[in-house]
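Hi,

Here is the structure I promised to hand over.

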Amino acid sequence: MIFRYSILYVDDVPATLDFYERAFALQRGFLHDGGDYGELATGETRLAFSSKTLMRQLGKTPSQADAKAPVFELAFETDDVHAALERAVAAGATLLQDARREEWGQTTAYVSDPNGYLVEICSPVQLPSAG
């Protein structure tokens, strides 16, 4: 098995793709002609979005995301957290935690996307050696 993609349920797939392109400099993989499904290229694993309307048609009952009571977060790694945070906020992200240096040496910041999903912007973590 491989972890291929995560799908977030949103009201407006094209607007969400546009936000992530502007906020996090991600590249669009594709947008389905009907506008109810799209993907962003993020390396081996894709970040995908499906409309809540489509999910309801498929018998699902998607809930509203809430960045203040999240059940998961997206994390984007960068060498310049401050610049990435500034770009995300300028694109419409809501600032939840300004950039700060954590005790384990990583710099982190948190925003909410326009759909209410929690997004971490972080520097690389220096993992301990296996030996």
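Let's start at one pair of residues: Phe30 stands opposite Glu39 in β3. This is a predicted model, so a word on the ground rules: local features need pLDDT of at least 70 and side-chain atom pairs count only at pLDDT 80 or more, while totals for chains, interfaces and linings use all residues. Residues are numbered from 1 along each chain as its sequence is written, and side-chain values use heavy atoms, with hydrogens and water left out.

The names come from DSSP runs, numbered from the N terminus: helices are H or I with at least four residues, strands are E with at least two. Two strands pair if DSSP finds at least two bridges between them. Strands of a sheet pair through backbone hydrogen bonds, either parallel or antiparallel.

β2 and β3 run antiparallel and are joined by four bridges. They form a hairpin with five residues between them, and in the turn Gly35 has a positive phi of about 80 degrees. On the β4 side, Glu39 stands opposite Ala48. Here too the pairing is antiparallel: four bridges link β3 (residues 37–41) with β4 (residues 46–51).

Put together, that gives an open sheet of four strands in the order β1-β4-β3-β2, with mixed pairing. β1 and β2 are the edge strands, each pairing on one side only. Neighbouring strands are turned by 25 degrees against each other on average, direction ignored. α1 packs on this sheet and touches β1, β2, β3 and β4; contact means heavy atoms within 4.5 Å. The direction of α1 makes about 165 degrees with that of β2. For such angles, axes are lines fitted to C-alpha atoms, for helices over the stretch in contact, and the angles run from 0 to 180 degrees between N-to-C directions.

In the loop between α1 (13–24) and β2 (27–31) you'll find Ala25. Ala25 has a positive phi of about 55 degrees although it is not a glycine. With a relative accessible area of 42%, Ala25 is partly exposed. The scale is: buried under 20% relative accessible area, exposed over 50%, partly exposed in between (1.4 Å probe, protein chains only).

**The sheet with β5 to β8**

There is another open sheet of four strands, in the order β5-β8-β7-β6, and its pairing is mixed. β5 (74–77) and β6 (94–101) stand at the edges with a single partner strand each, so one side of each is left without a neighbour in the sheet. The twist averages 15 degrees from one strand to the next.

β5 pairs with β8 in the parallel sense over four bridges, and the bridge partner of Phe76 in β8 is Ile121. Leu74 and Phe76 make up the covered face of β5, Ala75 and Glu77 the uncovered one. Leu95 stands opposite Val111 in β7.

Glu102 sits in the loop between β6 and β7 and counts as buried, at 12% relative accessibility. The side chains of Glu102 and Arg100 are joined by a polar contact of 3.0 Å. (A polar contact is a pair of N or O atoms within 3.5 Å; within protein, one must be able to donate a hydrogen and the other to accept it, and residues adjacent in sequence count only if both atoms are side-chain atoms.)

Ser123 lies in the segment after β8 (118–122). At 10% relative accessibility, Ser123 counts as buried. A polar atom of the Ser123 side chain lies 2.8 Å from the backbone nitrogen of Thr107. Leaving aside neighbours within four places in sequence, Ser123 is in contact with Glu77, Thr78, Val81, Gln106 and Thr107.

**A loop proline**

Last stop: Pro70, in the loop between α2 (52–57) and β5. Pro70 counts as partly exposed, at 39% relative accessibility. Pro70 and Gly116 are 46 residues apart in sequence and 8.9 Å apart in space, C-alpha to C-alpha.

Cheers
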